[in-house]
Amino acid sequence: MISYLIEASIGLAAFYGFYRLVLHREKLLSINRYYLLVTSALALIIPIFNFKYPSTTSVAVTQLGPELLTTGEAVFSLEALPFSTFYIAGLILAFLVFGIRFFKATRQLKGTFMYNRNQPNIVEVPGDEAYSFFNTIFIGKNLTCSNEIREQVLAHEKAHIQDLHFLDLLYFELLKCFFWFNPFIYLYSKSVKLQHEYIADQHVLANTPAEAYEQS
């Protein structure tokens, strides 16, 4: 387990490093989004194919006898135990936090997960924030005072729903549970959220003058 987590973390760091150096300033919005999704999955898959080749070192250890081999395994297990315990404790805590947040979010949907991205539900909430979850758009009442702003906000959130951005977010939230100790998974999550916003803005700008949208 430890070697897998280390190798996967190295993969996440390498793939995200390439993204920051080469892609993140490019206006390849959908490509950037899929790059983040695919490379994060590749970082998890590649360590599974851990090819082992015979070496003189492994043969020599085998020939030393069962006593030394057993002792070596015991030492390794004892050294790995503190990290495993620490990791599992963090994993349980991360899933607990995720479960609480997910439960609170789903309560706003009134217990239904029926999904129709072409006909989203619209719910007014106090304040001036807007967000979407599954096929429901929550829009602050302060944003409904102007029909123009309201329509632009709804178009922005509909773009999130139509492109299934919430699935990306759930995917990275789960990854953050398993790799809670790895800062690169949080950078991945932050970057994909930013790409979501750019993509949604692009949808709105297809039917809205840029200056009017910028002012709103």
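Mentor: Contact means heavy atoms within 4.5 Å, and in this sense the buried residues of α2 pack against α1, α6 and α7. The model is predicted: local features need pLDDT of at least 70, side-chain atom pairs count only at pLDDT 80 or more, and totals for chains, interfaces and linings use all residues. Numbering runs from 1 along each chain as its sequence is written, and side-chain values use heavy atoms, leaving out hydrogens and water.

Trainee: What makes up the secondary structure of the protein?

Mentor: It comes to 8 helices and 3 strands, taken as DSSP runs numbered from the N terminus (H or I, at least four residues, for helices; E, at least two, for strands). Read from the N terminus, the order of the elements is α-α-α-α-β-β-β-α-α-α-α.

Trainee: Why is Leu109 called buried?

Mentor: Its relative accessible area is 5%, and buried means under 20% (exposed is over 50%, partly exposed in between, with a 1.4 Å probe and protein chains only). Leu109 therefore qualifies as buried. This residue sits in the loop between α4 and β1 (121-125).

Trainee: Which residues does Leu109 touch?

Mentor: Leaving aside residues up to four places away in sequence, Leu109 touches Phe133, Phe134, Thr136 and Phe138. The C-alpha atoms of Leu109 and Thr136 are separated by 7.3 Å, although the two residues are 27 apart along the chain. Across the protein, 64% of the contacts with a separation of 6 or more join residues 24 or more positions apart.

Trainee: What share of the protein is buried, and which residues of α7 are counted?

Mentor: Buried residues make up 33% of the 216 residues. In α7 they include Ile185, Tyr188, Val192, His196, Ile199 and Val204. Among the elements covering them are α1 (2-23), α2 (29-45), α5 (147-162), α6 (165-178) and α8 (210-215). In α2, the buried residues include Leu29, Tyr35, Leu36, Leu37 and Leu44.

Trainee: What makes a pocket a pocket, and what is the volume of the largest one?

Mentor: On a 1 Å grid over the protein atoms alone, a pocket is an open set of points with protein on both sides within 12 Å along at least five of seven lines, whereas a cavity is a set where a 1.4 Å probe fits but cannot get out; lining residues have an atom within 4 Å of a point. The largest pocket has a volume of about 630 Å³. Its lining has 22 residues, with Arg101, Tyr131, Ser132, Phe133 and Leu169 nearest the centre. Two or more residues each come from α4 (66-107), β2 (130-133), α5, α6 and α7. The largest share, 5 residues, is from α6.

Trainee: Which element gives the most to the lining of the second largest pocket?

Mentor: There α4 leads with 6 residues, and the volume is about 180 Å³. Among the lining residues are Gly90, Phe98, Arg101, Glu173 and Trp180.

Definitions and conventions
Grid points are joined across faces, edges and corners, and a volume is the space filled by probe spheres set on the points.
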